[in-house]
Amino acid sequence: MADTGTDTADVVVVGMGPGGEALAGSLAGAGMDVVGVEAALVGGECPYWGCIPTKMMVRASDALAETRRVPELAGTAEAFPDFAPVARRIRDEATTDWDDTAAVDRFLGQGGRFVRGTGRLEGADTVRVREEGGERLIRARTGVVVAAGTVPFAPPIPGLDRVPYWTNRDAVRAEKAPGSLCVIGGGPIGLEFAQAFARFGTRVSVLEAQDRLLGPEEPESGELVAGVLSREGLDVRTGVRITGVAHGPGGFAVETDHGRIEAERLLVATGRRPDLEGLGLASIGLDTSARAIPVDERMRVAPGVWALGDIVGRGEFTHVSVYQARIAAQDILTGGEGPVADYRALPRVTFTDPEVGAVGLTEDRAREQGVRVRTGTAQVPSTARGWIHEAGNDGFIKLVEDRDAGVLVGATSAGPNGGEVLGALSVAVHARTAVEVLRSMIYAYPTFHRGIEDALNDLVSGD
Ligand SMILES: Cc1cc2nc3c(=O)[nH]c(=O)nc-3n(C[C@H](O)[C@H](O)[C@H](O)COP(=O)(O)OP(=O)(O)OC[C@H]3O[C@@H](n4cnc5c(N)ncnc54)[C@H](O)[C@@H]3O)c2cc1C
């Protein structure tokens with residue numbers, strides 16, 4: 001392979017997903033000489049295969065669900081689902097047919113330099129980039145930032161490695177909703193696809209190995225979503241062990257300890273893993289079999305090396321990656337004087353209908369951490385707005401209070417606009433607002449967020 005020489009820069013960023021792109025742009029904008037290295041598309045998973053296309057699917061499928069609620073509320077309406085407008089929006093509006101020219105130009109406009117290729121560390125200050133037609137070494141004067149994200153993880157199910165299963169990357173490129181779909185994995189990604197396709201007429205099964213959906217969240221969240229999905233006609237199975245997968249002319253056959261499932265398509269959504277080996281992280285002494293890169297509170301891995309985003313395993317969300325980019329950029333620009341990362345009020349939203357928003361600790365996590373916990377819950381259908389809303393009003397608000405401190409350490413807001421209601425709860429957890437202060441506020445009537453007041457009134461001893 002041709003050697004295209006050695007280059008130097010202040011900072012080399014490996015991986016230009018949301019975090020790498022934000023960090024590289026801000027450092028370049030501040031006058032540093034920054035080289036961004038990206039193997040695929042600048043912008044990463046989120047705009048091309050993740051957040052944005054999936055939320056376009058969710059938006060369209062929610063419109064169908066609302067139409068189906070018309071008979072209960074407003075007469076008659078009939079929806080004739082057509083996936084073509086969704087596929088068109090994803091191709092033309094979200095991803096510009098999976099073309100990142102605009103993102104590359106934006107970065108160049110900020111003063112950055114861009115290399116399309118695969119980067120690999122060779123020690124703390126050197127990145128070897130394999131690009132079309134050659135290789136180059138880039139030496140970093142100030143540092144290297146690893147923001148290379150993760151790739152879908154497929155569990156060791158017999159036969160899975162020999163069948164053409166879908167990951168999120170295939171599912172967002174679907175031109176039409178499949179006739180039937182088996183989803184392995186009951187986390188946010190699997191559930192968003194499952195409900196969206198089902199509302200377009202796909203016969204969907206969801207298989208989850210754990211005993212509930214949305215495992216790390218409150219148990220009530222998983223129960224809620226499982227109940228709604230089952231009511232909508234999805235076949236939701238938890239606590240399932242998959243013993244084998246096969247594919248033939250008729251589609252997929254998934255063998256489980258609860259029986260066989262046949263489907264036209266199989267979507268594997270069982271988490272994601274980084275490729276630390278491929279990134280050459282052994283060259284700076286890291287254990288490349290680890291699930292994530294260990295970082296300190298300023299995203300430092302080693303002197304002159306930072307890491308951020310999904311690859312550091314502190315929350316696989318775009319907002320976390322961009323937040324960490326801010327922390328790392330300030331550390332680099334100030335030489336160690338910037339703020340430290342604080343994950344106490346980390347918000348997360350699963351965009352099913354009902355949306356499940358959560359922030360901070362669940363009740364169980366708080367107890368595990370030794371917090372003396374009180375919880376309060378309000379059921380959305382029992383709130384004024386939920387009662388008015390009627391069709392599609394499933395949901396609840398749950399608060400987790402540290403009784404000794406008198407502040408919320410966590411909250412869940414599931415229901416219509418659950419992710420939006422979460423905003424107020426995130427402020428409360430982030431700012432450690434006293435529960436007494438939250439009680440003294442005026443909550444607009446009849447909003448969904450007024451359910452927070454009902455949940456505050458329900459805060460009872462959890463001991
Ligand atoms: C289906 C789906 C839906 C999602 N929905 C949401 C959502 O609604 N909200 C939310 O907050 N998050 C969502 N996420 C998660 C979100 O996409 C990620 O958290 C986010 O993209 C992570 O950003 P990152 O900066 O770690 O980089 P990534 O987006 O993972 O990008 C990393 C980049 O590094 C590049 N790269 C990897 N190795 C190399 C190398 N050796 N050299 C050069 N380049 C390399 C990759 O090509 C990639 O472009 C979703 C994810 C998926 C899969």
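Strand β11 (residues 251-256) is joined to β12 by 5 bridges, and the two run antiparallel. Within this pairing, threonine 256 faces glycine 259 of β12. The model you are looking at is a predicted one. β11 and β12 belong to an open sheet of 3 strands, ordered β10-β11-β12 with antiparallel pairing. At the edges stand β10 (242-248) and β12 (259-263), and each has a single partner strand, so one side of each is left without a neighbour in the sheet. On average, neighbouring strands here are turned by 15° against each other, direction ignored. As background, the strands of a sheet pair through backbone hydrogen bonds, either parallel or antiparallel.

Is β21 mostly covered or uncovered? It is mostly covered, with 8 of its 9 residues buried.

| Strand | Residues | Bridges to β21 | Sense | Facing residues |
|---|---|---|---|---|
| β18 | residues 355-360 | 6 bridges | antiparallel | valine 356 and alanine 414 |
| β20 | residues 396-402 | 7 bridges | antiparallel | leucine 399 and alanine 411 |

β20 and β21 also form a hairpin with 4 residues between them. In that turn, glycine 406 has a positive phi of about 70°.

Now for a helix. α7 (residues 188-199) has 12 residues, which at 1.5 Å a residue should span 16 Å; its end C-alpha atoms are 17 Å apart, in agreement. Why can α7 be called largely enclosed by the rest of the structure? The reason is that 12 of its 12 residues are buried. Among these buried residues are Ile189, Leu191, Phe193 and Phe197, and also Glu192 and Arg199. Just after α7, glycine 201 takes a positive phi of about 105°.

Finally, there is the ligand. It is surrounded by 36 residues, and the closest are Gly15, Gly17, Gly44, Gly149 and Gly309. Which kinds of residue make up the shell around the ligand? The shell divides into 15 nonpolar, 16 polar and 5 charged residues. Several elements each supply at least two residues of this shell, including the helices α1 (18-29), α3 (51-73) and α9 (318-334) and the strands β2 (34-38) and β3 (113-121).

The UniProt record, an unreviewed entry, places the feature "domain: FAD/NAD(P)-binding" at residues 10-325. Over residues 10-325 the chain is 31% helix and 27% strand, and the end C-alpha atoms are 16 Å apart.

Note on methods:
Residues are numbered from 1 along each chain as its sequence is written. This is a predicted model: local features need pLDDT of at least 70, side-chain atom pairs count only at pLDDT 80 or more; totals for chains, interfaces and linings use all residues. UniProt positions are given in the numbering used here, feature names are shortened, and annotations may be inferred rather than shown by experiment. A residue is near a molecule or strand if its C-beta atom, placed from the backbone, lies within 6 Å of it. Ala, Val, Leu, Ile, Met, Phe, Trp, Tyr, Cys and Pro count as nonpolar, Asp, Glu, Lys and Arg as charged, and the others, Gly among them, as polar. The expected span of a helix is 1.5 Å times one less than its number of residues. A residue is buried if 20 or more other C-beta atoms lie within 10 Å of its own, exposed if 12 or fewer, and partly exposed in between; C-beta atoms are placed from the backbone. Two strands pair if DSSP finds at least two bridges between them. Axes are lines fitted to C-alpha atoms, for helices over the stretch in contact, and angles run from 0 to 180 degrees between N-to-C directions.
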